[in-house]
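Please look over the model shown below before reading on.

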Amino acid sequence: MGPLYKFGWFDFAYSLQLAGLIGVLFGFLLERAGFGNARKLVAIFYLKDFAVLKVMFTAIVVCMLGLLFFSVFGWMDLSKIYLLPTYIWPQIVGGFVLGMGFVIGGYCPTTSVVSAVSGKLDGLIFVVGMILGSIVFAEFFPLIEQFYSSGSMGAVRLSDVLKINSGLIALLVCLMAVGAYWLVEKVENKLGDPETLPVGSRKAKAWAAAILVALGLVLAVVNPDRIAAKKTSAAVKEKPKIEAVRKAPPKPAEPASSGAVIIEDEGC
Amino acid sequence: MAWLVFLTLGAGLGGLFSAFISNRVKGEVIRGPNIGVSARLWFALFGGILSGFAARLARGCTSGQALTGASELAFGSWVFMFCIFAGAYATAYFLRKEWL
């Protein structure tokens, strides 16, 4: 069934409208979380408020569990989702420099946009800086081209590199998230400002942690990789039968008159 | 990558809506108590330049790499995410005048 676009559920033009809608939700939630404010964001680097870590890890864990469970249920074909290829050296250096830019400027790319629209001049200046940085990158590209494509490992997952199945990785990520939440709350309670920190009930937190670990355990036992492999081999075997019954899915419509073509599926 | 343009425009719109309904739309400069406005803005510009360059170099930012890639369990995205934190924590001490 999914990913919907790859299976021709809607055309290119509609996919752009959906991207806009998802952007609206993303921006709304970032602002709601207080991430339009640089002081709230960088507080994590002074061990005072770990909202950034909590929101990031929760988003990652929810999305990861969703993808893996959907794939186990047969609702989502993970092999058809664009996976960012690994270029280990530019990613290490880029990550490090982005982290420096985060503390110096007070924002990361999307949060600066949210900050700028809510009237923060520093956010707007950060956006201007990002555009300049992007131009610098483009202008000096011939010099860094070699480094840009160094350490290429292809589109590999943690499971490929660590040689353990995705279900077990999911369990480890869940355990890491729960451990991180527990640890950072200890630190927050010591160093943070008790007036601005959220309280939350202990019971709800314990339940959430238990559910997270339980879902991870289920995946570790079920092993989504094996199920996906089984489905692929079954599909190969049954292919002639299926093709006789089912019509080919309609192709995503060509962009109308604009002449825009999707060249690459690359992320932000 | 045309969808990125719409996603970013949408994010601006959604952020504005949220800020508007909770009365947070206000012209101001977010800074620590020990730094002046113009110094803070220079820092913002410099940080922005670094971030823009780094996001291009790493093929993504905290959203495209760290959130999306990490939830897909992409190897490079996890390395990238930990490097963001490493870079930020390594720099934070030297910038405490800007924020604390």
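Buried means under 20% relative accessible area, exposed means over 50%, and partly exposed covers what lies in between. The model discussed here is predicted.

Q: How far apart are the C-alpha atoms of C63(A) and L30(A)?
A: Along the chain, C63(A) and L30(A) are 33 residues apart.

Q: In what order do the elements of chain A run from the N terminus on?
A: Chain A has eleven helices and two strands. Read from the N terminus on, the order is α-α-α-β-α-α-α-α-β-α-α-α-α.

Q: Among contacts in chain A between residues at least 6 apart in sequence, what percentage join residues at least 24 apart?
A: Chain A has 268 residues, of which 40% count as buried. When contacts between residues at least 6 apart in sequence are taken, the share joining residues at least 24 apart is 71%.

Q: Are α9(A) and α10(A) roughly parallel or roughly antiparallel to each other?
A: The axes of helix α9 (residues 166–191) and helix α10 (residues 202–222), both of chain A, come within 6 Å and cross at roughly 160°. Because an angle over 145 degrees counts as roughly antiparallel, α9(A) and α10(A) are roughly antiparallel.

Q: How many nonpolar residues does the contact of α9(A) with α10(A) have?
A: Residues of α9(A), including L168(A), L171(A), L175(A) and V178(A), meet residues of α10(A), including L212(A), V213(A) and L217(A). By class, this contact of α9(A) with α10(A) has two polar and two charged residues, and its nonpolar residues number 13.

Q: Are α6(A) and α7(A) roughly parallel or roughly perpendicular to each other?
A: Helix α6 (residues 121–139) and helix α7 (residues 141–148) of chain A have axes that come within 6 Å and cross at roughly 85°. F137(A), A138(A) and E139(A) of α6(A) make the contact with F141(A), P142(A), I144(A) and Y148(A) of α7(A). Because angles of 65 to 115 degrees count as roughly perpendicular, α6(A) and α7(A) are roughly perpendicular.

Q: Is the crossing of α4(A) and α4(B) left-handed or right-handed?
A: The axes of helix α4 (residues 88–105) of chain A and helix α4 (residues 75–92) of chain B come within 7 Å and cross at roughly 40°. The residues of the contact of α4(A) with α4(B) divide into 17 nonpolar, eight polar and no charged. The crossing of α4(A) and α4(B) is right-handed.

Q: Is R40(B) buried or exposed?
A: R40(B) lies in helix α2 of chain B, residues 37–57. Leaving aside residues up to four places away in sequence, R40(B) touches residues of chain A, among them Y107(A) and D122(A), as well as residues of chain B, among them E98(B) and W99(B). At 0% relative accessibility, R40(B) counts as buried.

Q: Which residue's backbone oxygen does the side chain of S15(A) reach?
A: S15(A) belongs to helix α1 of chain A, residues 12–32, and counts as buried at 15% relative accessibility. Not counting residues up to four places away in sequence, S15(A) touches Y5(A) and F10(A). The backbone oxygen that the side chain of S15(A) reaches, at 2.6 Å, is that of F12(A).

Technical notes. Residues are numbered from 1 along each chain as its sequence is written. Chains are lettered from A and ligands numbered from 1 in the order in which they are written. This is a predicted model: local features need pLDDT of at least 70, side-chain atom pairs count only at pLDDT 80 or more; totals for chains, interfaces and linings use all residues. Side-chain values use heavy atoms; hydrogens and water are left out. Axes are lines fitted to C-alpha atoms, for helices over the stretch in contact, and angles run from 0 to 180 degrees between N-to-C directions. Helices (H or I, at least four residues) and strands (E, at least two) are DSSP runs, numbered from the N terminus. Angles under 35 degrees count as roughly parallel, over 145 as roughly antiparallel, 65 to 115 as roughly perpendicular and the rest as oblique. Contact means heavy atoms within 4.5 Å. Ala, Val, Leu, Ile, Met, Phe, Trp, Tyr, Cys and Pro count as nonpolar, Asp, Glu, Lys and Arg as charged, and the others, Gly among them, as polar. Buried means under 20% relative accessible area, exposed over 50%, partly exposed in between (1.4 Å probe, protein chains only). A polar contact is a pair of N or O atoms within 3.5 Å; within protein, one must be able to donate a hydrogen and the other to accept it, and residues adjacent in sequence count only if both atoms are side-chain atoms. A crossing is left-handed if the near helix is turned anticlockwise from the far one by less than a right angle, and right-handed if clockwise.
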